[in-house]
Amino acid sequence: MLLDIVIGLALGLILLSIALVIVTVYLIQFMFRIVALWILIVFSPLAYLLSAWPGGKGQGFAKEWWDRFLCYCFVGPTLMFFFWLALTTSARDQKLNITPDGFTGNFAGAIAEPASLVRFIVTVLLLVAGLYAGKKLGC
């Protein structure tokens with residue numbers, strides 16, 4: 001019984017650390033996106049002027065600004081869609097037995113159940129797919 005609890009807690013710690021790394025990457029991407037959008041918005045008047053200016057180089061800079069701006073505008077909703085999809089997929093009734101005395105049940109051993117492991121793997125794959133889709137946008 002004690003060995004099952006220790007193994008369940010160790011497996012839970014490993015799975016939690018994997019999820020923490022992926023969610024941290026999401027957080028870093030969102031923070032970078034916000035800063036990039038701030039900078040792009042500050043320089044938006046310059047991009048409009050350069051696109052209207054006749055000549056060669058200014059329009060190239062304006063096109064690059066528009067490409068970056070649209071990329072950062074669409075990467076956030078794409079990441080959030082996959083994040084929502086992963087959370088929806090991982091949500092399940094944990095069958096908690098809540099009594100006035102507290103919780104009852106074997107939570108440490110429940111993580112090692114095949115259904116829980118498959119659900120976690122699918123959730124992680126959806127989160128990684130969101131990172132991949134965000135990277136394919138070119139940001």
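Contact here means heavy atoms within 4.5 Å. The model is predicted, with local features needing pLDDT of at least 70, side-chain atom pairs counting only at pLDDT 80 or more, and totals for chains, interfaces and linings using all residues. Residues are numbered from 1 along each chain as its sequence is written, and side-chain values use heavy atoms, without hydrogens and water.

**View 1. Contact of α3 with α5.** Helices (H or I, at least four residues) are DSSP runs numbered from the N terminus, as are strands (E, at least two). On the α3 side, the residues that meet α5 include Val-75, Phe-82, Phe-83 and Ser-90. Their partners in α5 include Arg-119, Leu-126, Leu-127 and Gly-134. The residues of this contact divide into twelve nonpolar, six polar and one charged. Ala, Val, Leu, Ile, Met, Phe, Trp, Tyr, Cys and Pro count as nonpolar, Asp, Glu, Lys and Arg as charged, and the others, Gly among them, as polar.

**View 2. Axes of α3 and α5.** The two helices pack at an angle of about 175°, with axes 9 Å apart. α3 and α5 are therefore roughly antiparallel to each other (angles over 145 degrees, taken from 0 to 180 degrees between N-to-C directions of lines fitted to C-alpha atoms over the stretch in contact).

**View 3. Lining of the second largest pocket.** Lining residues have an atom within 4 Å of a pocket point; they are Ile-28, Gln-29, Phe-32, Arg-33, Tyr-72, Val-75, Gly-134, Lys-135 and Cys-139. By class, five are nonpolar, two polar and two charged.

Terms used
On a 1 Å grid over the protein atoms alone, a cavity is a set of points where a 1.4 Å probe fits but cannot get out, and a pocket is an open set with protein on both sides within 12 Å along at least five of seven lines; lining residues have an atom within 4 Å of a point. Angles under 35 degrees count as roughly parallel, over 145 as roughly antiparallel, 65 to 115 as roughly perpendicular and the rest as oblique.
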